[in-house]
Amino acid sequence: MKRLLLFTFFLWGFSVPLLAEEAASKPSILPASPVEMIPREIRKPDSIPGTELSLDFPTTGSVILYLPEGYTPPADGTVNLTVHFHGATWFAIEEHRRRGLSEPLVTLALGEGSTVYRLPFEDPNSFPTFLGTVESALKNNTERQDIRITSVSLTSYSAGFGAVREILKTPENHAIIRRIILGDSSY
C-alpha cells in the first residue's frame with residue numbers, strides 16, 4: 001500500500017511541504033484566486049416593476065413570490081423557479097432582475113440565525129408542500145391551470161443556508177434542483 005506523506009518544515013517563518021516520491025509526478029493544485037469585486041452603489045429603489053405576492057407558508061417571517069413585469073408562463077406550463085433564503089426582499093429581487101432573469105422568484109426572510117431557516121424544512125415533505133403553495137399562487141395569478149414547477153434554483157445569503165441544507169437532506173428533492181448559489185453561506 002502506497003502512502004502519501006506530507007511533512008512540513010518551518011524555515012524562517014515559511015512553510016515548505018515535502019511530498020513522497022509517488023506524489024512528485026502529480027500536477028500541483030494552486031489556490032484559487034479571489035474574484036475581483038467591482039464596487040457599485042446599492043440602494044433600495046423607489047419602486048420595483050412586477051408583482052409581489054405574500055405566500056401563506058407556515059413560517060414566522062416573510063415569504064414573497066415575485067413575478068417580473070410582464071411575466072407569462074411558457075406555453076407548456078413549465079416554470080423555472082428561483083428561491084432565495086435570507087436578506088432584504090427588495091435586494092433579492094433587484095439581483096434577480098440584474099441577472100436578467102424573467103422567471104418567478106420566491107424570497108424567504110425569516111429572521112436571524114440558520115435555525116429559523118432550518119425548522120420549516122426539517123420535514124422531508126415540507127419542500128414539495130412549499131412548491132405546491134408556489135404553484136397554486138402562480139395558477140391563481142396567471143389564470144393558467146397547467147402550471148408546474150420543473151426546476152428550482154436555490155440561493156441563500158448567510159444563515160439562509162439552513163434551509164438549503166435541510167432541503168438537500170431529502171434525496172427526492174435533488175431531481176428538481178438545477179442550481180445552488182450560496183453567498184457568505186459556505187460554512
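This is a working chat about a predicted model of one protein chain.

Me: What should I know before reading numbers off this?
Reply: The model is predicted, so local features need pLDDT of at least 70, side-chain atom pairs count only at pLDDT 80 or more, and totals for chains, interfaces and linings use all residues. Residues are numbered from 1 along each chain as its sequence is written, and side-chain values use heavy atoms, with hydrogens and water left out.

Me: How many helices and strands are in the chain?
Reply: Five helices and eight strands. These are DSSP runs numbered from the N terminus: helices are H or I with at least four residues, strands are E with at least two. Along the sequence the pattern reads β-β-α-β-β-β-α-β-α-α-β-α-β.

Me: What share counts as buried?
Reply: 37% of the 187 residues. Buried means under 20% relative accessible area, with a 1.4 Å probe and protein chains only; exposed is over 50%, and partly exposed lies in between.

Me: And contacts at a separation of 6 or more, what part comes from residues 24 or more positions apart?
Reply: That part is 67%. Contact means heavy atoms within 4.5 Å.

Me: Now the core. Which residues have the most contacts inside the largest one?
Reply: Phe85, Val106 and Phe130, in a nonpolar core of 31 residues. Such a core is a set of buried Ala, Val, Leu, Ile, Met, Phe, Trp, Tyr and Cys residues joined through side-chain atoms within 4.5 Å. E4, E5, E6, H4, E7 and H5 each give two or more residues to this core. H4 gives the most, with six.

Me: What does phenylalanine 85 touch?
Reply: Setting aside neighbours within four places in sequence, its contacts include Leu108, Tyr117, Phe121, Leu154 and Ile167. There is also a second, separate core of five residues, Ile48, Ala92, Ile93 and Leu105 among them.

Me: What covers its buried residues?
Reply: The cover includes E4 (62-68), E5, E6 (105-109), E7 and H5 (161-168). The buried residues of H4 include Phe127, Phe130, Leu131, Val134 and Leu138.

Me: Is glutamate 135 buried or exposed?
Reply: Buried, with a relative accessible area of 19%. Glutamate 135 sits in H4. Beyond four places in sequence, glutamate 135 contacts Ile147, Arg148 and Ile149. C-alpha to C-alpha, glutamate 135 and isoleucine 149 are 6.7 Å apart, at 14 residues apart in sequence.

Me: Switching topic: what lines the largest pocket?
Reply: 23 residues, with Arg40, His84, Phe91, Ala92 and Glu95 nearest its centre. E5 (78-85), H2 (89-98), E7 (148-157) and E8 (177-183) each give two or more. H2 gives the most, with five.

Me: How do those lining residues divide?
Reply: Eleven nonpolar, eight polar and four charged. Nonpolar covers Ala, Val, Leu, Ile, Met, Phe, Trp, Tyr, Cys and Pro; charged covers Asp, Glu, Lys and Arg; the others, Gly among them, are polar.

Me: How is a pocket defined here?
Reply: On a 1 Å grid over the protein atoms alone, a pocket is an open set of points where a 1.4 Å probe fits, with protein on both sides within 12 Å along at least five of seven lines; lining residues have an atom within 4 Å of a point.
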